[in-house]
Each structure stands twice: as C-alpha cells, then as structure tokens.
Amino acid sequence: MSPGSGARTSRDGGSFDTFFEGWLVRHEHYLEELLTAQQQCREYQGDDVKDLITRVLSHYQQYFEEKSRVAQRNVFLVFAPTCLSSLECASLWITGFKPGFALRLVFSSVQDLSQEQSERIERLMEETKVEERVLNDELARVQESVAAPPLLEMARKQARRMNVEGGREEALLTLRKALEEVVAGADLLRMTTTMKVVEILKPEQNVRYLTAATQLFLNLRNLGLQKDANTKG
C-alpha cells in the first residue's frame with residue numbers, strides 16, 4: 001500500500017462526513033414537507049404528492065450513490081462511518097438499514113392497506129428474507145475465506161489506517177473487493193425493496209410511509225448522539 005493511502009482514507013472519510021452533514025439538513029427539510037403534506041392532504045393535489053415522493057426517493061438515492069463512491073475507494077469506511085453515532089452503527093445491517101425492517105414499517109405506518117396490498121407486502125417480505133440470508137451467508141464466507149477478524153473491529157482499524165505489511169496486502173485487497181460486492185448487493189436490495197413498496201402503495205400512503213421512515217432515521221440519530229454525549233460526559 002502506498003504511503004499516501006492513509007491520507008486518502010482520511011480525505012475520503014472527511015468528504016463523506018461533509019456530504020452527510022448537508023444531506024441531513026435536506027433530510028430534515030423533507031420531513032417538514034412530508035408532515036405538511038400529511039396535515040394538509042386536501043391542499044396537496046395528485047401531481048404535487050407524486051412530485052414530493054419522487055424528490056424524497058431521489059434524496060435517498062443520492063445517499064446511496066455517495067456511499068457507493070466511498071466504498072469503492074475504501075469499503076472499510078462504510079462499515080465504520082465516523083459520522084454516525086455508536087447506536088446508529090450498532091443498528092446497521094451490511095452498512096445500512098435492513099430491508100425487512102423497512103417492510104415491517106409499512107404495516108405500522110399505513111393503516112388502510114387493502115387485502116391485496118397486504119398480501120403483496122407479505123410476499124415481498126418473504127422474498128426479501130431469502131435475499132437477506134443470501135447476503136448474510138456471502139458476508140460470512142468472505143470473512144472465513146481470508147480468516148478475517150471480526151468485521152467491525154477490522155473496519156475501525158482499516159478506516160483509519162490502510163498501511164499493511166508484506167503478504168497481508170494481497171489478502172486485504174481480496175477482502176476489500178469481496179466486501180464491495182456484498183455492500184453493493186445489500187444497497188441494491190435496499191433500493192429495489194423500497195421501490196417495490198412505493199409501487200404497491202397509493203401516493204397518500206407513500207407519504208405516510210416515507211414520513212415514518214424519515215422520522216425514524218432522525219429519531220435514531222438524535223438518540224444516538226445523546227447517548228454518545230452522555231457516555232463522554
């Protein structure tokens with residue numbers, strides 16, 4: 001590994017942190033807009049609601065695209081992101097939210113599902129469980145194949161310092177490539193699952209679902225930051 005690897009790693013992490021700060025500000029603005037759409041549903045016409053849904057989904061897509069760029073430069077950074085609290089990191093499933101959890105959120109946030117919608121969501125849940133197991137198994141095989149230490153421990157070390165010695169370099173590069181593929185697969189599952197939910201729900205139901213998801217993200221973040229502050233204090 002070249003002498004400049006550590007510096008590049010630091011820049012990559014700092015770049016994502018900067019992006020995340022701006023993304024969070026926009027996230028809060030979208031939550032306000034979603035809440036307004038819920039409260040003033042009569043004033044929001046069909047096209048307005050669809051436009052809001054499209055913009056919120058694009059907002060999430062931007063996050064995945066930026067995370068993907070970081071993962072391609074140093075995948076260990078997305079396993080131990082410095083911009084997240086300890087609680088947020090502990091809740092991650094392969095560097096992001098677990099698709100199955102997002103599906104369960106549908107039932108708690110949308111109370112007027114039709115029987116057909118419920119059945120379609122339940123079938124999607126079963127399909128998603130299978131995909132999650134495949135990715136879990138693949139991640140386990142990746143670690144076993146290179147005799148890797150616990151992933152979070154390794155990620156924390158490598159996210160800060162990518163310099164390695166001798167034969168470990170080749171093994172580390174192999175590990176990084178394999179992890180990139182698993183992360184890409186998990187992110188694809190997250191996005192395709194979300195898009196399938198959006199297709200199943202009606203526009204006004206999507207507003208409630210996306211409001212719940214956006215609000216949950218911010219609640220978890222605020223709780224995590226508070227816990228970290230109390231621990232340091």
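This is a predicted model: local features need pLDDT of at least 70, side-chain atom pairs count only at pLDDT 80 or more; totals for chains, interfaces and linings use all residues.
**Ground rules.** I number residues from 1 along each chain as its sequence is written. Local features need pLDDT of at least 70 and side-chain atom pairs count only at pLDDT 80 or more, while totals for chains, interfaces and linings use all residues, and side-chain values use heavy atoms, with hydrogens and water left out.

**Entry 1: ring pairs.** I looked for rings of Phe, Tyr and Trp (its six-membered ring) with centres within 6.5 Å; planes under 30 degrees apart are stacked, over 60 edge-to-face, and the rest tilted. My count came to 11 aromatic pairs. I picked out F16 and F19, a tilted pair at 5.9 Å centre to centre with 35 degrees between the planes. Both sit in helix α1 (residues 5-39), three residues apart, about one turn of the helix. I took helices from DSSP runs (H or I, at least four residues), numbered from the N terminus. An α-helix has 3.6 residues a turn, so residues three or four places apart point the same way.

Are F16 and F19 buried or exposed? I found both buried, meaning under 20% relative accessible area, with exposed over 50% and partly exposed in between (1.4 Å probe, protein chains only).

Next I checked W23 and Y63: their ring centres are 5.0 Å apart and their planes at 45 degrees, so this pair is tilted. W23 is in helix α1 and Y63 in helix α2 (residues 46-73), so the pair ties together parts 40 residues apart in sequence. W23 is buried at 1% relative accessibility, and Y63 is buried at 14%.

I also noted one aromatic cluster, whose members include F16, W23, Y63, F97 and F217.

**Entry 2: the largest pocket.** A pocket here is an open set of points on a 1 Å grid over the protein atoms alone, where a 1.4 Å probe fits, with protein on both sides within 12 Å along at least five of seven lines; lining residues have an atom within 4 Å of a point. I read about 650 Å³ for the largest pocket, a volume being the space filled by probe spheres set on points joined across faces, edges and corners. Its lining has 27 residues, with G96, F97, K98, A213 and F217 nearest the centre. Which helix gives the most to this lining? I found that α9 does, with six residues.

**Entry 3: helix α9.** I saw that α9 has 30 residues and reaches 44 Å from first C-alpha to last, close to the 44 Å expected (1.5 Å times one less than its number of residues).

Notes:
Helices (H or I, at least four residues) and strands (E, at least two) are DSSP runs, numbered from the N terminus.
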